[in-house]
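Hi,

Here is the structure I promised to pass on to you.

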Amino acid sequence: MIHVDFKLPSQVKDEQWYKEWLARDELRESWFEDWKAFRDKRAEDIDVTADVDASELNSAVWRRGKGYLFAMFRRKCGYCESYVEHISPGAVDHYRPKATYRWLAYEITNYIPSCTECNSGGKGAQFPVVGGRNAVTPGSESRERPLLLNPCDRAPDRDPSKHLHFISQKGKTDVPGFVKGLTKEGRETIRLCSLNERDLLITLREQAQRSAVQDYLLKVAALDDHSTEAIRAVIDKIVDPTMQYSAARRDAVNDFIMSAYQALKTA
C-alpha cells in the first residue's frame with residue numbers, strides 16, 4: 001500500500017492520466033456532474049436512521065465511478081497494489097462499510113478501488129476502530145481512529161510507510177515477499193486484507209523486490225555521475241508509484257542499500 005492523493009476530477013482535469021482515461025472510456029467531460037446528479041437522486045432514498053440492509057443500496061452509483069478510481073490509482077488495488085483491470089473488472093470498496101456507515105454509501109471519497117480478494121474476499125464489512133465503537137451518526141466518523149489504513153489519508157502519521165514494511169531479506173523469522181506490521185494499524189490492515197495469506201501475492205511481491213534490486217544495481221553501475229542526486233533519481237524511477245507493488249520495491253531497494261552500507265562499515 002502507498003499513499004495516493006485523492007483528487008476530484010476538477011483538480012486533475014489537466015493531468016495526462018485523466019485525459020487518457022476520458023478518451024479511453026469515451027466519456028464526456030461533464031461525466032462527473034452527470035454522476036453527481038445520479039448519485040444525489042439515489043441518495044434521497046437513504047434513511048440513515050433506519051435499519052436498512054446494505055443490499056438495498058443502489059450499487060450502480062459506485063460502479064459508475066469505478067473507472068475514475070482505477071485511473072487515479074493507476075489501475076492498481078488500493079490495498080495490495082496488484083494490477084487489476086487487465087484480468088478483472090475490479091471492485092469499489094467502501095472504506096467505511098456501507099452497512100455501518102449508510103450516510104457514506106454514495107460518497108466518492110469513501111471509495112477505494114480494490115481487487116476482489118482485498119474487498120469481498122478479505123476486508124468485507126469489517127471496520128475496527130480504536131475503542132471498539134463505530135460512529136452511528138453522520139459526521140461523528142471524523143472522531144474515529146480506524147485500525148484499517150486508508151491509502152488516501154492525508155495525515156502524516158497515517159502514511160502506510162510508517163505502518164507497513166515489506167520484507168525483502170531472509171532472516172530467522174523474516175521471509176521475503178511478506179509484509180510486517182510495524183503498528184497495530186499495520187497489523188490490522190494486513191489481517192483485514194489478507195496480505196500475508198495469498199501465496200501468489202507473496203510470490204509476485206518477492207519477484208518485484210528482486211527485480212527492483214537488480215534494476216538498481218544495473219542502473220547505478222551505468223551512471224557516469226554517482227552523486228546523491230543521480231542515485232536518488234535512479235531509485236525514484238525504480239520505485240515509481242505507478243508500478244505494481246511499488247511499496248515492496250521501495251523497501252527492497254532501501255534494505256539493500258542499508259545492508260551494503262553496514263557491510264562496508266564492518267569490513
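Below are my notes on cysteines, backbone angles and salt bridges.

Please keep in mind that this is a predicted model.

**Cysteines**

I began with disulfides, and a search of the whole structure turned up zero. The nearest cysteine sulfur to cysteine 118 belongs to cysteine 115 and is 3.7 Å away. Cysteine 193 is in no disulfide either; here the nearest cysteine sulfur is that of cysteine 118, at 4.7 Å. Both sites are shielded: cysteine 118 is buried at 0% relative accessible area, and cysteine 193 is buried with a relative accessibility of 0%.

Cysteine 152 deserves a look of its own. You will find cysteine 152 in the loop between helix 6 (119-123) and strand 3 (164-166). Is cysteine 152 buried or exposed? With a relative accessible area of 10%, cysteine 152 is buried, because anything under 20% falls in that class. Leaving aside residues up to four places away in sequence, cysteine 152 touches His3, Val4, Phe6, Phe73 and Ile112.

**Positive phi angles**

Serine 194 has a positive phi, near 55°. Serine 194 sits in the loop between helix 7 (184-192) and helix 8 (199-221), and is buried at 11% relative accessible area. Tyrosine 245 also has a positive phi, near 60°. Its place is the loop between helix 9 (228-238) and helix 10 (246-266), and tyrosine 245 counts as buried with a relative accessibility of 3%.

**Salt bridges**

How many salt bridges does a search of the whole structure find? The count is 17, and I picked out three of them for you.

- Arginine 154 pairs with aspartate 5, with the closest N and O atoms 2.9 Å apart. This pair links distant parts of the chain, 149 residues apart: arginine 154 is in the loop between helix 6 and strand 3, and aspartate 5 is in the segment before helix 1 (9-12). Arginine 154 is exposed at 55% relative accessibility, while aspartate 5 is partly exposed at 35%.
- Aspartate 34 pairs with arginine 28, and their closest N and O atoms are 2.5 Å apart. Aspartate 34 is partly exposed at 34% relative accessibility, whereas arginine 28 is exposed at 57%.
- Arginine 145 and glutamate 185 meet through their side chains at 3.1 Å, N to O. Because arginine 145 lies in the loop between helix 6 and strand 3 and glutamate 185 in helix 7, this pair ties together parts that are 40 residues apart in sequence. Arginine 145 is partly exposed at 31% relative accessibility, and glutamate 185 is buried at 10%. Salt bridges with shared partners join Arg145, Asp153, Asp157, Arg158 and Glu185 into one network.

Happy viewing, and do write back with any thoughts.

Best wishes

How values were computed
Residues are numbered from 1 along each chain as its sequence is written. This is a predicted model: local features need pLDDT of at least 70, side-chain atom pairs count only at pLDDT 80 or more; totals for chains, interfaces and linings use all residues. Side-chain values use heavy atoms; hydrogens and water are left out. Helices (H or I, at least four residues) and strands (E, at least two) are DSSP runs, numbered from the N terminus. Buried means under 20% relative accessible area, exposed over 50%, partly exposed in between (1.4 Å probe, protein chains only). Contact means heavy atoms within 4.5 Å. A disulfide is a pair of cysteine sulfur atoms within 2.5 Å. A salt bridge is a side-chain nitrogen of Lys or Arg within 4 Å of a carboxyl oxygen of Asp or Glu.
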